[in-house]
Amino acid sequence: MTSDPTNRESRGTLALVGGGEWSPGCDFDRDLWESAGRPDVLVLPTAAAYEHPERAVEHAAAWFGGFGARVKPSMVLSRSDALDPENAQAVEQARFVYLSGGSPMHLRSVLKDTPVWAGLVGAWDSGAVIAGSSAGAMVLCDPMVDPRGGALTLGLGLVDQLAVLPHYDTWSQEKAHRTVQLATGHLRIAAVDERTALIRDPDGSWRTAGAGEVTVYVDGKPAGLQVLANR
């Protein structure tokens, strides 16, 4: 489901994190939480379904608890979970939703065309903060980088004509080069370091925060954040 481009400025804040979530350097998390009105943070460890998702929730709880935020888990680990109306309602009513890292392919297959995905889009439409790290950031965009080789594939399209290349400071140079070179037709590639966020504010402007850097590529060449203006 792709968001309506005619109504972009009514959306909430979007944070696309390059990995290494919930660790020192990710001070933007506190800012996001405060900007959302200090709500509970709803964490979906879906991408980590086969990597001890409960540990991802514990990690998030410890990190956010360090500055007074409370984490609520939404254990949407399979497609049947994503079809559950109660899970969808919890996501849609949340004011801060965070998708963890893990497998972007699994995350996409679980959420695509489900009530939980519709709930996430609805939450963003109503002004909620949506954050995704690594796999979570990749899937929120369309196209999506395939981590197996760096090629581009279909994402879920909360933001279109933008692909996130996470872990850029540790990513294979060969894969990164392939991704950037495959991005033709003015497609934007955001290469995001770990513990770093590319943030879209409700007014439609983009900025960066965190420990590292973000490099945006268009047609294989570095470009500034201004090229994201209508995303």
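Reply: A residue is called buried when its relative accessible area is under 20%, exposed when it is over 50%, and partly exposed in between, using a 1.4 Å probe and protein chains only. By that cut-off, 54% of the 231 residues are buried.

Some ground rules come next. This is a predicted model, in which local features need pLDDT of at least 70 and side-chain atom pairs count only at pLDDT 80 or more, while totals for chains, interfaces and linings use all residues. Residues are numbered from 1 along each chain as its sequence is written, and side-chain values use heavy atoms, with hydrogens and water left out.

Start with the whole. The protein has eight helices and 15 strands. These are DSSP runs, numbered from the N terminus: helices are H or I with at least four residues, strands are E with at least two. The radius of gyration is 16 Å, close to the 17 Å from the globule rule for 231 residues, so the protein is as compact as a globular protein of that length. That radius is taken over C-alpha atoms, and the rule is 2.2 Å times the number of residues to the power 0.38. Along the principal axes, the C-alpha atoms fill a box of roughly 45 × 35 × 35 Å.

Contacts come next. Two residues are in contact when heavy atoms lie within 4.5 Å. Among contacts between residues at least 6 apart in sequence, 73% join residues at least 24 apart.

Now the interior itself. In soluble globular proteins, nonpolar side chains tend to be buried together. A nonpolar core here is a set of buried Ala, Val, Leu, Ile, Met, Phe, Trp, Tyr and Cys residues joined through side-chain atoms within 4.5 Å. The largest such core has 53 residues. The members that touch the most others are Leu 16, Leu 111, Leu 120, Ile 130, Leu 140 and Leu 158. Helix H6, residues 115-125, gives the most to this core: six residues. A second, separate core has 24 residues, including Val 17, Val 43, Ile 199 and Ala 209.

Which residue of H6 deserves a look? Leu 120 is found in this helix. Its relative accessibility is 1%, and therefore Leu 120 counts as buried. Beyond its neighbours within four places in sequence, Leu 120 is in contact with Val 91, Val 97, Leu 99, Ile 130, Leu 140 and Leu 158. Take the pair Leu 120 and Leu 158: they are 38 residues apart along the chain, and their C-alpha atoms are separated by 9.4 Å.

Leu 111 brings in helix H5, residues 104-111. Six of the eight residues of H5 are buried. They are Pro 104, His 106, Leu 107, Arg 108, Val 110 and Leu 111. Their cover includes helix H3 (79-82), H6, helix H7 (135-140), strand S7 (144-145) and strand S8 (152-153). Asp 113 lies in the loop between H5 and H6. Its phi is positive, about 55°, although it is not a glycine. Asp 113 is exposed, at 57% relative accessible area.

Ser 74, in the loop between strand S3 (71-73) and H3, is buried at 5%. Outside its sequence neighbours within four places, Ser 74 is in contact with Leu 42, Val 43, Leu 44, Pro 45, Asn 87 and Val 91. Asp 201 sits in the loop between strand S12 (196-200) and strand S13 (206-210). Asp 201 is buried at 16%. With neighbours within four places set aside, Asp 201 is in contact with Thr 13 and Arg 207. Arg 188 belongs to strand S11, residues 188-192, and is buried at 17%. Its contacts, not counting residues up to four places away, are Gln 161, Leu 162, Ala 163, Val 216, Tyr 217, Val 218, Val 227, Leu 228 and Arg 231.

One backbone detail remains. The peptide bond from Asp 142 to Pro 143 is cis, with omega near 5°. Pro 143 lies in the loop between strand S6 (141-142) and S7, and S7 is part of the cover over H5.
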